[in-house]
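Let's take a look at a protein model together, starting with one of its pockets and then moving on to its aromatic rings.

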Amino acid sequence: MKVLIAAAECSPLARTGGLGEAVAGLAGALRRDGVDITVAIPRYRHLAGFGVEEEAPGPARAIARVDSDGLPVLLVDDPWSFDRPGIYGPDPGSGYDDQWQRFGRFLVTVREMADGYDLVHLHDAHTGPAALHSPVPTVFTIHNSLYSILGPLAEAADLVGATPEDRAPAGSIEWYGQANYLKAGLVGADAVTTVSPTFARELSADASLSGGLDGVIRTLEQPVVGILNGIDTGSWNPGNDPTLPAPFTATDLQGRDQARRAILRLSGLDPGRMLLGMVTRLTDQKGIALLDPSMDRLVEEGFRLVVVGNGDLDGMVDGWAARNPESVWHAPYTEDLARLVSAGIDAFLMPSLFEPCGLGQMYAMRYGAVPIVRLTGGLADTVVDLDEDPQRGTGFGFRSFTPKSLLKTIRRAGRILTHHPRDWRRLQTNAMSTDFSWVMSAARYSDVYRSVAGRGVS
């Protein structure tokens with residue numbers, strides 16, 4: 001089967017977070033599994049000069065073909081749309097006002113290219129309307145359900161080739177008088193997936209997670225299929241990671257002690273009774289504020305915290321560090337530091353308000369850090385609470401999104417570390433032994449592809 005994957009990101013060429021990693025990971029795994037995969041992304045300014053150019057369909061000037069770690073990637077060259085700073089905006093967290101137009105032009109090119117493939121796999125709202133009237137079957141995957149891409153109805157519908165029926169009230173692209181690209185992908189695709197089974201269920205039940213599209217999701221002919229993302233277990237491997245002070249495995253954790261000492265030297269923190277870590281965007285979604293009422297109390301009880309990342313809540317975290325310089329440390333994100341923190345902390349905090357899949361907890365578990373998470377979305381699918389299954393447990397979870405619940409769970413983890421070291425060691429072994437590779441996920445996507453291709457174009 002010949003498949004075109006279209007997305008706004010594909011690591012390492014263009015990445016701002018999980019989308020780029022997921023697209024590259026899935027495409028690589030499918031290709032190793034024998035699927036003829038090609039990825040298409042915009043040719044952003046930083047990719048100018050990459051690849052060998054060829055003639056392009058649609059509004060693009062050209063297509064540049066590159067090899068990215070053995071994966072063929074087509075860079076859609078549209079200078080009017082993408083010869084600008086950044087991917088979505090000039091600064092992290094910012095966005096251009098004309099996203100509907102930029103990505104509308106991109107997805108039109110994608111649809112023009114589709115004739116050469118058996119199936120097109122579209123990712124997130126940036127490509128959603130390409131599912132409308134596609135010449136080949138389409139699969140649409142939701143990564144960020146709260147980023148719909150809205151635009152003026154008449155202009156956007158004209159740009160993406162929507163019919164009068166599509167733009168009519170309650171039509172495939174119409175949303176309260178605007179064009180909604182996420183809705184177009186949901187309604188137009190032959191199959192819809194998202195990045196974890198639990199998040200698939202949550203999308204149809206909670207309007208706050210779907211941008212109000214839960215009703216649309218419930219009326220889809222086929223239910224949304226939840227397929228958990230994977231991680232690159234070849235690269236993220238503590239047994240041969242060159243960025244770590246020493247290698248280690250699930251059966252020999254001595255190298256984790258060296259990583260811990262390196263973190264303490266780098267941060268200037270005193271050891272305390274338990275070293276907690278977060279590698280995350282500092283936003284409300286990640287549950288950072290749940291720590292605020294309890295931080296000084298946790299410090300008094302001997303907990304130490306390392307935070308790696310940036311975002312809207314930098315000031316809050318910097319305030320914790322200013323009040324408790326020997327107990328809290330904040331540093332900007334680098335991948336090497338993320339690896340070191342995952343390798344050296346005792347527990348990894350991820351108390352998210354919602355989490356479609358989450359990668360941070362998978363990386364942390366792979367490196368022997370026991371996760372403390374809110375059991376939502378992909379976190380509920382990847383972390384087994386110790387109390388719920390003592391033999392198979394991999395971490396600690398809570399459900400109520402409150403500071404009290406998080407504090408209680410951190411203290412519960414601290415008691416196990418201090419008083420039940422064998423239980424803690426079993427948690428680490430179970431976590432490190434969990435298979436988070438793309439193998440099973442790619443097989444599930446292959447099943448979806450075959451099912452969609454068998455039904456033909458809707």
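Sort the lining of the second largest pocket by class and you get 13 nonpolar, 10 polar and nine charged residues. Keep in mind that this is a predicted model. The pocket holds about 680 Å³ of space. Helices H1 (18–32), H13 (335–344) and H18 (439–455) are the elements that each give two or more residues to the lining. H1 supplies the largest share, with eight residues. Nearest the centre of this pocket you'll find Glu21, Ala24, Gly25, Arg32 and Asp232.

Now for the rings. The structure has nine aromatic pairs, and here are two of them:

| Pair | Centre to centre | Angle between planes | Arrangement |
|---|---|---|---|
| Tyr44 and Phe82 | 5.5 Å | 85° | edge-to-face |
| Tyr88 and Phe103 | 6.2 Å | 40° | tilted |

Tyr44 sits in the loop between strands E2 and E3 while Phe82 belongs to helix H2, so their pairing ties together parts 38 residues apart in sequence. Are these two buried or exposed? Tyr44 is buried, at 0% relative accessible area, and Phe82 is buried at 0% too.

Tyr88 lies in the loop between H2 and H3, and Phe103 in helix H3, so this pair links parts 15 residues apart in sequence. Tyr88 is buried with a relative accessible area of 16%, and Phe103 is buried with 0%. Both pairs belong to one aromatic cluster, made up of Tyr44, Phe82, Tyr88, Phe103 and Phe106.

Charges meet rings here as well. Lys2 lies over the face of Tyr117, 5.1 Å from the ring centre. Over the ring of Tyr96 sits the charged end of Arg84, 4.9 Å from the centre.

How values were computed
Residues numbered from 1 in each chain as written. Predicted model: local features only at pLDDT ≥ 70, side-chain atom pairs only at ≥ 80, totals over all residues. Heavy atoms only, no water. 1 Å grid on protein atoms, 1.4 Å probe; cavity = no way out; pocket = protein on both sides within 12 Å on 5 of 7 lines; lining within 4 Å. Points joined across faces, edges and corners; volume = space filled by probe spheres on them. Helix = DSSP H or I, 4+ residues; strand = E, 2+ residues; numbered from the N terminus. Nonpolar A, V, L, I, M, F, W, Y, C, P; charged D, E, K, R; others polar. Phe/Tyr/Trp six-rings, centres within 6.5 Å; stacked < 30°, edge-to-face > 60°. Buried < 20%, exposed > 50% of the residue type's maximum accessible area, 1.4 Å probe, protein only. Lys NZ or Arg CZ within 6 Å of the ring centre and 35° of its normal.
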